[in-house]
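Welcome, and thank you for joining this tour. Please open your viewer and keep the selection tool at hand.

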Amino acid sequence: MNVSGDRIADPWGRRTPYGRGGQWPVRTDTCLADGVAEGEVQAWVQAASLLHSDGDAMDIAVRDGRIVGVRGRAGDRVNRGRLEPKDLYAWQANDSADRLTRPLVREDGRLVESDWPTAMDRIVARSRELIGSHGPEAIAFYTSGQLFLEEYYTLAVLARAGIGTPHLDGNTRLCTATAAEALKESFGSDGQPGSYEDIDHADAIALFGHNIAETQVVQWMRILDRLDGDEPPRLLCVDPRLTPVARLATVHLAPRLGTNVALLNALLYEVIRHGWTDTGYITRHTVGFEALYEQVEPCTPRWAAAICDVPAASIEEAAELLGTADRLLSTVLQGFYQANQATAAAVQVNNLHLIRGMLGRPGAGVLQMNGQPTAENTRECGADGDLPGFRNWQNEAHVADLARVWNVEPSAIPHDAPPTHAMKIFKLAEQGTVRMLWISATNPAVSLPELARIRSVLAQERLFTVVQDLFLTETAQFADVVLPAATWGEKTGTFTNADRTVHLSEKAVDPPGDARPDLDIFLEYAARMGFEDKDGGRLVHWSGPEEAFEAWKRCSAGRPCDYTGLNYEKLRGPSGIQWPCTEHAPDGTDRLYEAGVAWAHPDLCETYGKDLVTGEPLGEDWYRSMNPDGKALLRPAPYVQPKEWPDESHPFHLTTGRTLYHFHTRTKTGRVPQLVDAAPDVWVEIAAADAGRLGLTEGDLVDVTTRCGALRGRLRIGSVRPGVLFVPFHYGYWDTPAGRAPAPGVPGRAANEAIATHWDPVSKQPQFKTAAAALTLVKRAEGPARPKPFAQPSA
């Protein structure tokens, strides 16, 4: 590969420091296939990254009908030309020899090649049969965070108004459900308040459970360039691991797993005690300060230190950083979202910004981050357990408005109970209520908790499973019908990153064989099913991505995520554009809530709120009495100990997470030589003190056992806090000799073999970071230990 520098050992590349008060300098990263010079590229086709939530803008290099590389787009607001390792190398997966190119159907227990008419006939016939015999709730859809907006919206319309099922959710339930719920609980509606450009202006940046160096790699480059510049910000890192972020932090807090709410309550206590609050902002724009003060009043740093196992003096130092900043930016990700009291903890970060008045101006904002490239679109389009356009399923006027857009009766849209979240969908399939499950662009047989249980659900004879994907994944092996899908670079559509920036990604090459865009698959299904509106017209009346985008714009009109000022031609400009984009804000909107929290009004809000401990809905009457004028809500929460806690038999905390070089279950990145070589197999990270105490060395083969299951991997002596084990969750079985999961009772390589089915009561996001675990030596290391994957950054 023709790449400037070693982007595996140095994934962040060379520094381009900021000047005083200046803009982030451009640095254009390029990767071309061996033997291809830039002048030999026949076309550069606009796209953006599909393997993280940054939305790095790039152009795809095409020669002789094939993708031969990528380069960063210098004019884009998100990355200003930079690309991270997955951006640079992962395009090679498109051309993998094992791509699915024809539909597969199950015959006599085996998947065999077929054709599209046969595959679609089977799906449509089973759909009609189940709707007739068991009703629409016999059908469920489980989708992704990697499709395009146009595909999610089409799926939402056909599922909710066509079939009439409430069972539609995405694997974004695993990564971004808490972000959405926390924003709704604080601001009445989803929608990211801050902007990536706040990194340019902040004088303090706090990262709560967010290893941005490996999850939003280009934005870490941005922070590194600030640290190397004339006016470096102070950093606070809250993470049990000594990550690259923690190594450069002004203050690093490594709390005991599951104690985030206790820590945040102590930080809020200190900010309030010292008077580091904006009383005018609190009065004008919030409700609930008295209740928050009452909750945190006993939560001293000494109290939190005993729970979190961090020094009280460090908590005080962190509070001073947060409380004295003139422009504070906070980011939150899976260390909070996948842990105990996920929503409650994320909401306390919002509370911190609200009592400090740190919203709506450059450098002062909060980013409740996403883990996937199009997670934001699942939330906007209603493919994640919400109604499209951030509408409130409990508000009859909102349901009627959506029915007007779709030209159906309100009764056609299920809304007598909350939309079904993913964990419940699989429970209903296990019980036999759901009898058809359509899975698109995701791999739950590796990514969900308690994998032995998930495999048993997918293996049921009574469950008819459709899998729509690029490869024969671990999940596809269970399917009754497998549909070969096109992917990034092979289809056209839009997607929105974690700071609301909308990008257009255009088709550069044809998909292999008979593979089809996901949108085309959904459109054919809708046409074959004959879904109609109330006047007998076609419910799904568009035929391609641009028409689907225009249909979505009508659905978004007047809602918080208003796209009406956007179109494909405008998105072909030099940069992506942040929603809301309207005739009044034709260039998009940098930050929300510059003049208060308009969407929190009881008539407009997306939710009436939930109890942050139990998850029980609080109801419209509570909300109207609490917030009649529609201000931001300060929502307090007490600390509650996790359900699982280490004991004599399981003395460790087990936490799972990402590595920079892979995405989700490695369906794409596991087929890229550079990324595979950087991180070829699962490992178990342990603190040096624990390794020494147990007599373990780097490279030892160990088993990690929980009350749920077991996994096996090589030991890596790292920088986690003592008592913690870290395991990356990406590794499944498709690339093992057997090609499938091990027999029952045999430790696997997938981290989620050992994760129980617990979830946050508010967001319903699984708790991947709170298991109690035991560690057992299997075999001593042979030969030298493998070096760490990359060097630590310096500033």
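Is Cys308 buried or exposed? Select Cys308 and show the surface around it: its relative accessibility is 0%, so Cys308 counts as buried. Bear in mind throughout that this is a predicted model.

**Stop 1**

Are the two cysteines bonded or apart? A disulfide is a covalent bond between the sulfur atoms of two cysteines. The cysteine sulfur closest to that of Cys308 belongs to Cys299, but it is 10 Å away, which is too far for a bond. To count as a disulfide, the sulfur atoms would have to be within 2.5 Å. Searching the whole structure gives zero disulfides.

**Stop 2: Asn350 and its neighbours**

Next, select residues 342-356, which form helix α15, and pick out Asn350 within it. With a relative accessibility of 0%, Asn350 counts as buried. Which residues does Asn350 touch, leaving aside those up to four places away in sequence? Show Ala182, Leu183, Ser186, Phe187, Val366 and Gln368 to see them. Then zoom in on Ser186: its side chain and that of Asn350 make a polar contact at 2.9 Å. For a view across the model, draw a line from the C-alpha of Asn350 to that of Asp416; the two are 30 Å apart in space and 66 residues apart in sequence.

**Stop 3: the largest cavity**

How many cavities of 30 Å³ or more does a search of the whole structure find? There are seven. The largest has a volume of about 490 Å³. To find its centre, select Gln334, Gly335, Thr656, Gly657 and Lys769, which lie nearest to it among the 33 lining residues. By class, the lining of the largest cavity has 16 polar, twelve nonpolar and five charged residues.

**Stop 4: the second largest cavity**

For the last stop, select Gln146, Ala441, Thr442, Asp469 and Lys668. Of the 24 residues that line the second largest cavity, these lie nearest its centre. This cavity has a volume of about 260 Å³. Colouring its lining by class shows ten polar, nine nonpolar and five charged residues.

How values were computed. Residues numbered from 1 in each chain as written. Predicted model: local features only at pLDDT ≥ 70, side-chain atom pairs only at ≥ 80, totals over all residues. Heavy atoms only, no water. 1 Å grid on protein atoms, 1.4 Å probe; cavity = no way out; pocket = protein on both sides within 12 Å on 5 of 7 lines; lining within 4 Å. Points joined across faces, edges and corners; volume = space filled by probe spheres on them. Nonpolar A, V, L, I, M, F, W, Y, C, P; charged D, E, K, R; others polar. Helix = DSSP H or I, 4+ residues; strand = E, 2+ residues; numbered from the N terminus. Buried < 20%, exposed > 50% of the residue type's maximum accessible area, 1.4 Å probe, protein only. Contact = heavy atoms within 4.5 Å. Polar contact = N/O pair within 3.5 Å; in protein donor to acceptor, adjacent residues only side chain to side chain.
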